[in-house]
Amino acid sequence: MATERRSRRYQTNGNVAYQPEYRQRVAERPVRKEVERIRRPRIQPRERVTARPNIQVRPKGTIAPFAVAGFLAILVCAFLLVASSAQLATANKDIVNLRSTLSDLQDQEQKLQAQYELAFDLDAIEGQFISNGSMIRSRAGQTVYLDMLETDSVVYYENVGQGLSGLLRQTREFLTNMLP
């Protein structure tokens with residue numbers, strides 16, 4: 001047995017060992033005229049084992065109330081921003097219109113002021129009073145005194161009415177004239 005073991009030779013093709021008796025069986029077969037093909041085992045492609053990562057999927061949750069409140073707060077702020085910018089635009093338009101009206105009124109005021117100053121010509125008034133003798137010009141070195149000893153005078157209108165009823169009626173007329 002020991003001699004048999006030594007006589008057996010193992011052949012290796014790569015890393016695969018064949019049976020030792022295989023050569024002997026091939027030699028014992030009758031040789032055909034045709035070349036017999038030795039079938040080699042088909043090498044099958046290795047299948048890669050893909051390891052997928054073990055990911056835990058979060059279950060579908062509910063919407064947080066703070067997120068809804070925050071979203072609504074953002075919408076309210078955006079709406080207020082748009083509304084305030086619209087108000088600002090209308091206020092700017094009104095200011096431009098008022099400024100143009102103000103410049104027109106200032107021009108009109110200057111014209112009316114010039115007319116008013118022309119209506120009261122002090123030289124003409126002075127000449128009129130000097131001509132009729134009710135006013136006299138003081139001369140150089142002459143002292144002029146103003147007499148303030150006389151009492152104040154009151155002008156009474158007879159159409160006003162008398163007593164408390166007249167006072168109430170005047171007050172009511174005054175207030176109605178003051179208020180629009």
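Ile125 counts as partly exposed because its relative accessibility is 32%; on this scale buried means under 20% relative accessible area, exposed means over 50%, and partly exposed lies in between (1.4 Å probe, protein chains only). Ile125 sits in helix α4.

A quick word on what you're looking at: the model is predicted, local features need pLDDT of at least 70, side-chain atom pairs count only at pLDDT 80 or more, and totals for chains, interfaces and linings use all residues. Numbering starts from 1 along each chain as its sequence is written, and side-chain values use heavy atoms, with hydrogens and water left out.

Together with Tyr116, Phe120, Leu122, Phe129, Ile130 and Met135, Ile125 makes a nonpolar surface patch of about 670 Å². Patch members have over 30% relative accessible area and no salt bridge; nonpolar side chains (Val, Leu, Ile, Met, Phe, Trp, Tyr) are joined within 5 Å, like charges within 9 Å. Helix α4 (residues 122-132) gives the patch its largest share, four residues.

Now for the chain as a whole. It has five helices and two strands, running α-β-β-α-α-α-α along the sequence. These are DSSP runs numbered from the N terminus: helices are H or I with at least four residues, strands are E with at least two. Of the chain's 180 residues, 1% count as buried. The chain exposes about 19900 Å², with 57% of that supplied by carbon and sulfur atoms; the areas come from the Shrake-Rupley method with a 1.4 Å probe, and for residues only the protein chains shown count as cover.

The chain's mean is 78, and 73% of its residues reach 70 or more.

| Helix | Residues | Mean pLDDT |
|---|---|---|
| α1 (lowest) | 2-7 | 51 |
| α3 (highest) | 65-119 | 94 |

Finally, helix α5 (residues 163-178). Its 16 residues reach 23 Å from first C-alpha to last, close to the expected 22 Å, which is 1.5 Å times one less than the number of residues.

The whole structure has one salt bridge, meaning a side-chain nitrogen of Lys or Arg within 4 Å of a carboxyl oxygen of Asp or Glu. Glu173 forms a salt bridge with Arg169, their closest N and O atoms being 3.9 Å apart. Because they are four residues apart in helix α5, about one helical turn separates Glu173 and Arg169. Glu173 is partly exposed at 42% relative accessibility, and Arg169 is partly exposed at 32%.

Definitions and conventions
pLDDT is the predictor's confidence in each residue, from 0 to 100.
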